[in-house]
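Dear colleague,

Please find the structure below, followed by a short account of what was found in it. I would be grateful if you would read the account with the structure open beside you.

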Amino acid sequence: MKFGDIPKIKALQTSAGFREHLHRLGMDMPCDDEVASGPGAPLAAPLTVGALTVGNRFAIQPMEGWDGTPDGRPSDNTVRRWRHFGLSGAKLIWGGEAVAVRHDGRANPSQLVMSAANQASIAALRDTLVAAHREAMGSDDGLVIGLQLTHSGRFCKPNDRARFEPHILYRHPILDPKFRTAADHPLMTDGDIRALIDDFVVAARRAWDSGYQFVDLKHCHGYLGHEFLSAKTRGGDFGGSLENRTRFLRELVSGIRAEAPGLEIGVRVSAFDYVPFKPDPSQAEPDELGPGIPDDHAACLPYRYGFGADEADPTRADLTETRAFLGIAQSLGIGLINITLGSPYYNPHLTRPALYPPSDGYKPPEDPLLGVMRHLETVRDLKRAFPGLAFMGSGYTYLQEFLPHVAQAVVREGWVDFVGLGRMVLAYPELPADVLAGRAVQRKRLCRTFSDCTTAPRNGLVSGCYPLDTHYKKSAEMVQLTAAKKAAHLA
Ligand SMILES: Cc1cc2nc3c(=O)[nH]c(=O)nc-3n(C[C@H](O)[C@H](O)[C@H](O)COP(=O)(O)O)c2cc1C
Ligand code: SF4
């Protein structure tokens, strides 16, 4: 399917039109005609997970804004975003955004850092969110807030937005050259890893002291926690067997349980990975990159560099180890799982289905609805295998007008427990509150997946919804973003 042939969601008009399009694509995606509101509605049902009771089924995904201060504290833009998370009406706030456990693990020089000096301001972010939530919903009953803790591994850029300072666990035959990691770049030693585990535990304790009810030990999107899971070619205590590759998680959990016994633990995991993608050179146009195709990998078979990727054909998933990982998580007493896919660095169409690529991205290799369905079906299959775990799903934003219809159907049918919203909340924070109250969805505010919130940070600017959030209208950042998009022939 060519880029211009992909129908825009808003052109489908009604749920009948949407369903017809799903049918043409051969997809059996659940979608309700009417979305219920009020206390008996499927999306309003509370759910208890361990010691936590979450007041409804909407959840907010972690999203960084590249807008903290150089020493890792929130800026006014960060506070504003967290206020919007509170106004959304969603009762599960998964992480807020990725917060580095120490400086060298930052994904960009503006990422928040959970240091002793920053603890009070990161606690205040939570307070802002709670106050906004009370204002919008009348009470904070059932509001559950976690903090996502991270080290960015091979994607660290702690000091300069344009320079990777990677921390790697093994040599990756495609990612090393793609991101210019030198062939002799040192691997993290087992001693380095143990010191990092200590830093995670200290950061988790700070999150607990700040009032966060859980921490997410991030295992997704190509960052360090995720890299452990694919460290099949690494020796020592943290590589090789699945037992060794999950030692990082197990040691984090035992350290956190000892230091912050009341703190719940969640994990956001990329359920599977594909081989990295690249723009197809044969379909490039003079001013535009081609659609994504898998990078050359014939020389890397069997592919021992992915988690949940089929070793014989890494353009396909194999969930055998993913299920084993979830079994380990469950045995560790982890009840909250947030499923995502792939990595925005090297196969973004898996992570966030979008119609428009960011300035350095490839065009969609498929109708993005296929990408949404991949998310939904993956969570459904894992939920069936682990009914006792609470699952949050990702990748819903591309559904646009039909997000509430599909969200209600998948919750009602037990495919997922929590509907996680990412980009939609940057564009239209009050969507969950509107749906829960039975108000009509404000179509002009729906995220249309223009990807400016990704293009901006790729060009050194703060992230945000430039097309729809009036905060950025006529701002200096907007002017710079437009110039960057013109240079990339996207404007
Ligand atoms: C601007 C931006 C920042 C993001 N930051 C994070 C992050 O800090 N941690 C994380 O796990 N995912 C992050 N993501 C991924 C989202 O959480 C989410 O998985 C993705 O956008 C797909 O969901 P959606 O279709 O609802 O947008 C980010 C996405 C965007 C667009
Ligand atoms: S910039 Fe706004 S409309 Fe575009 S993808 Fe991001 S949130 Fe959606």
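A crossing is called left-handed if the near helix is turned anticlockwise from the far one by less than a right angle, and right-handed if clockwise. Helices (H or I, at least four residues) and strands (E, at least two) are DSSP runs, numbered from the N terminus. By that convention, the crossing of α5 and α8 is right-handed.

The model is predicted: local features need pLDDT of at least 70, side-chain atom pairs count only at pLDDT 80 or more, and totals for chains, interfaces and linings use all residues. Residues are numbered from 1 along each chain as its sequence is written, chains are lettered from A and ligands numbered from 1 in the order in which they are written, and side-chain values use heavy atoms, with hydrogens and water left out.

Helix packing

Helix α5 (residues 190-209) packs against helix α8 (residues 247-259) at an angle of about 40°, and their axes are 9 Å apart. That makes α5 oblique to α8 (angles under 35 degrees count as roughly parallel, over 145 as roughly antiparallel, 65 to 115 as roughly perpendicular and the rest as oblique). Axes here are lines fitted to C-alpha atoms, for helices over the stretch in contact, and angles run from 0 to 180 degrees between N-to-C directions.

Helix α2 (residues 76-87) and helix α3 (residues 119-137) also pack at an angle of about 40°, with axes 7 Å apart. These two helices, α2 and α3, are therefore oblique to each other, and their crossing is right-handed.

Backbone

Most residues other than glycine have a negative phi, and most peptide bonds are trans. Leu301 and Pro302, however, are joined by a cis peptide bond with omega of about -10°. Pro302 belongs to the loop between β10 (292-294) and α9 (320-331). Arg180, although not a glycine, has a positive phi of about 55°; Arg180 is in the loop between α4 (175-178) and α5.

Ligand 2

The residues around ligand 2 (a heavy atom within 4 Å) include Arg423, Cys447, Phe450, Asp452 and Cys465. Helices α13 (423-427) and α15 (452-458) each supply at least two residues of this shell.

With kind regards
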